[in-house]
Amino acid sequence: MSRTSSVAILVLLAGLGTGATYLVQHTSTPRIAAEQRLIDSRNLLDLLPPDSYDNQPLEHPLSLARTGLPESMLVGGYRATKAGQPSAVLLRSQTLGYAGSIELLIAIGANGQLLGVKTLKQSETPGLGGRIADWPNAWLQVFAGKSSVEPGDAGWALKKDQGAFDQIAGATITSRAVINAIHDALRYFDQHSQQLIGSSAHE
């Protein structure tokens with residue numbers, strides 16, 4: 001076999017290999033993206049009872065880009081519906097903890113009651129405030145069923161501040177920040193229920 005023929009064969013094989021690689025990547029990219037969306041969906045939606053919605057909430061984002069609240073900031077949100085009726089709102093909230101920003105996902109039912117809270121990002125001290133990221137989280141579960149008025153404004157604080165809630169052991173600042181962010185989100189829901197779910201809260 002001549003040198004020219006060998007080079008031509010090598011070029012052809014290289015071209016085939018490149019083409020095959022491109023084809024595999026091109027055909028697998030949508031599948032990988034779909035799998036990542038499914039993972040993201042499970043991660044975000046596990047706050048909601050599976051039978052409480054039948055839409056794809058992540059495909060129904062709310063217009064909440066960086067909405068400043070007294071003790072936190074809303075950076076996004078989603079609406080869950082069932083049979084065409086709003087069933088819950090998921091609000092992404094950012095607050096400042098002891099070591100940096102904490103991002104929470106706060107699920108609120110159409111009746112204004114808290115369904116659950118989950119930590120999405122945090123940089124708190126491991127073993128102390130960092131326990132806010134544990135899932136499931138016994139401390140965060142205490143807030144389920146609460147609303148902006150239950151307890152009242154004074155109750156939305158730590159017991160050491162004459163409020164209704166215990167703190168995470170050794171993490172006073174983290175605990176205060178999370179309680180304030182949850183209360184902010186519940187009050188925002190009450191004040192903007194028409195925008196968020198299309199009806200008045202607590203109907």
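Visitor: Which residues is Arg92 in contact with, leaving aside its neighbours within four places in sequence?

Guide: Contact here means heavy atoms within 4.5 Å. Skipping the neighbours within four places in sequence, the contacts of Arg92 are Leu44, Met73, Leu74, Val75, Gly76, Gly77, Tyr78, Glu103, Leu104, Leu105 and Leu120.

Visitor: What kind of model is this?

Guide: Residues are numbered from 1 along each chain as its sequence is written, and side-chain values use heavy atoms, with hydrogens and water left out. Local features need pLDDT of at least 70, side-chain atom pairs count only at pLDDT 80 or more, totals for chains, interfaces and linings use all residues, and the model itself is predicted.

Visitor: Is Arg92 buried or exposed?

Guide: Arg92 sits in strand S3, residues 85–96. Strands (E, at least two residues) and helices (H or I, at least four) are DSSP runs, numbered from the N terminus. The scale calls a residue buried under 20% relative accessible area, exposed over 50% and partly exposed in between, with a 1.4 Å probe and protein chains only. Arg92 has a relative accessible area of 19%, so it is buried.

Visitor: How many bridges join S3 to strand S4?

Guide: Two strands pair if DSSP finds at least two bridges between them. S3 and S4 (residues 101–109) run antiparallel, with Thr95 standing opposite Ile102 and Leu91 partnered with Ile106. The bridges joining S3 to S4 number nine.

Visitor: Which residues form one aromatic cluster?

Guide: Rings of Phe, Tyr and Trp (its six-membered ring) pair if their centres lie within 6.5 Å; planes under 30 degrees apart count as stacked, over 60 as edge-to-face and the rest as tilted. A search of the whole structure finds four aromatic pairs. Phe143 and Trp156 have ring centres 6.1 Å apart and planes at 15°, so they are stacked, while Phe143 and Phe165, at 4.7 Å and 45°, are tilted. The cluster is made up of Trp139, Phe143, Trp156 and Phe165.

Visitor: Which residues have the most contacts inside the largest nonpolar core?

Guide: A nonpolar core is a set of buried Ala, Val, Leu, Ile, Met, Phe, Trp, Tyr and Cys residues joined through side-chain atoms within 4.5 Å. The largest has 31 residues, and those with the most contacts inside it are Phe143, Ile182 and Leu196.
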